[in-house]
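Hi everyone, thanks for coming. Let's look at one model together and walk through its sheet and its core.

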Amino acid sequence: MGRRIAAALGRALRGLHPRSALKAACRSLPQRRRWGVILLGKDAAAMMEGIVLRDFRGVLAAPRHQLPEQASRRWTVLPGAHPIPDRSSFAAGEALAAFAADPAFDAFLVGISG
């Protein structure tokens, strides 16, 4: 009995991972759009792994020590300071605002973690 409970708990926890949540969300979205993806916060790199859209460009902002090790050309990665913002945090905010104003996108997907 204990092994079955442990297995069920493991499946439930994997389903809560940001990567899993974003994959599920992306699969339910219309694919014939030009998506802008904005990911913010400590789990942004984990969320990035779950983006399965056909046509998108993304921007990711996270604390320096939690940036992804690698990102494809589709991504702009912006470092920021945490918990106290610094100049890089404000520069990231300005870059995010410019990205969000880009008329090339039909729709946006935004993931925020904290």
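**The sheet and the core**

Let's start with a pair: Leu60 stands opposite Val77 in β3. Before going on, this is a predicted model, where local features need pLDDT of at least 70 and side-chain atom pairs count only at pLDDT 80 or more, while totals for chains, interfaces and linings use all residues. Residues are numbered from 1 along each chain as its sequence is written, and side-chain values use heavy atoms, leaving out hydrogens and water.

When I say helix (H or I, at least four residues) or strand (E, at least two), I mean a DSSP run, numbered from the N terminus. Strands pair if DSSP finds at least two bridges between them. β2 and β3 run parallel, joined by six bridges.

In what order do the four strands of the open sheet come? The order is β3-β2-β1-β4, with parallel pairing. β3 (75-80) and β4 are at the edges with a single partner strand each, so one side of each has no neighbour in the sheet.

Now the largest nonpolar core, with 16 residues. Such a core is a set of buried Ala, Val, Leu, Ile, Met, Phe, Trp, Tyr and Cys residues joined through side-chain atoms within 4.5 Å; buried means under 20% relative accessible area, with a 1.4 Å probe and protein chains only. Val37, Leu39, Ile51, Leu53, Trp75 and Leu109 touch the most other members. Elements giving at least two residues each include β1 (35-40) and α2 (18-27). A second, separate core has eight residues, among them Ala61 and Phe99.

Terms used:
Buried < 20%, exposed > 50% of the residue type's maximum accessible area, 1.4 Å probe, protein only.
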